[in-house]
Amino acid sequence: MTEAVLPVLWTEQQRNAEMKALRCFCFCVCSLLLLKVSAGFRDLRRPENVSVDSLNTRYVLRWDWPHETAANQTVTFTAQYLREFRSRKASNEKYWTSVCVNVLEHRCDFTGAIHYKISFLLRVWANTSQQSSGWVQISFCPDEHAALGPPSSLKLSSVKGDLEIIITDPLSSTNQSMKTLLNDRLSYRIQYWRRSEEPQKAKDLETKNNLVMLTELDRQTWYCVRVQSRDGSHKKSSVFSDTHCTRTEGQMPYWQIFLYFLISLLLSFLLVLLNFCFYKMITLLKNTFCPAIQLPDHIQELWLSDSEKPQLLAPESPETVCELLVMGIR
């Protein structure tokens, strides 16, 4: 009885081994076919120079694709994002979210799709009706990588000889203050200088306040101000805002009044001296070329040429001219 059961068990085990071998063979063949098919579809060149243009909470993914394709094929692009912590999972393809699908432009606007304080992976690929490229992927964290904008507005006003500066925070894409995202990290660098001087000689002032008063300024003097936003945590600085200029109020210092008086007095003296010299020069020229006193006649004759001197006879008749004079006597 036992001897009859053993061949049956051996036959069943052999059949299972053959089925496993057949399954492995089929799997290998299918894998090779899939690799060949994917290799045929993925021979399109990848996008190049992938980067993010960012300002505050506005993010635009840009890329270049300078390659050539067949005349009857149109290249489109698809861009996606994924939270970076999900990339550690083995099966993360289902978590990728598409923002732009089959677009012709070399850009994709991610504004509003990703959060400011979270790290993301952004990727883009090119595809046609018959081909597709591989993905090009970059890492992007807005809090670290996004550029910080300058103050959205700046107002200057003179208050009793001082300058009052009102700074409006840079704004997000939803017109909210960036201070809500940066908290206490947002600060401002204020530069101010006399308008008659160069900006390189400006004085600096660091502050976190939106209302700043500049004191110890000269009265009745024009000052210029510009402001830069700063994030101390990530050492980010914006470009400077537009330059605004205004003049301080208050009474002018006595020394400055006296200085202006001396300058005006000197200018007046120079003007009078210039007029006097001009008058003397005109008089001299007039007396030289148009004298008011004439020389006597006998002196002027000395200056005349022989042809201009008065003569009794005409110079062209050297012979004596006589005429018969008949006089009647009664």
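## An aspartate and its partner

Asp-218 has a relative accessibility of 32% and counts as partly exposed (buried means under 20% relative accessible area, exposed over 50%, partly exposed in between, with a 1.4 Å probe and protein chains only). Its salt-bridge partner is Arg-194, at 2.6 Å from N to O (a salt bridge is a side-chain nitrogen of Lys or Arg within 4 Å of a carboxyl oxygen of Asp or Glu). The two are 24 residues apart: Asp-218 is in the loop between strands S12 (211–214) and S13 (222–231), and Arg-194 is in strand S10 (helices, H or I, at least four residues, and strands, E, at least two, are DSSP runs numbered from the N terminus). Arg-194 is partly exposed too, at 29%.

## Basis of the model

This is a predicted model, in which local features need pLDDT of at least 70, side-chain atom pairs count only at pLDDT 80 or more, and totals for chains, interfaces and linings use all residues. Residues are numbered from 1 along each chain as its sequence is written, and side-chain values use heavy atoms, leaving out hydrogens and water.

The protein chain has an average pLDDT of 82 (the predictor's confidence in each residue, from 0 to 100). Confidence is lowest in helix H1 (residues 2–41), with a mean of 53, and highest in strand S5 (residues 107–109), at 97. Where pLDDT is low, the predicted coordinates should not be read in detail.

## Other salt bridges

The structure holds 9 salt bridges. One of them joins Asp-169 and Lys-179, with the closest N and O atoms 3.9 Å apart. Asp-169 is buried, at 12% relative accessible area, whereas Lys-179 is partly exposed, at 24%.
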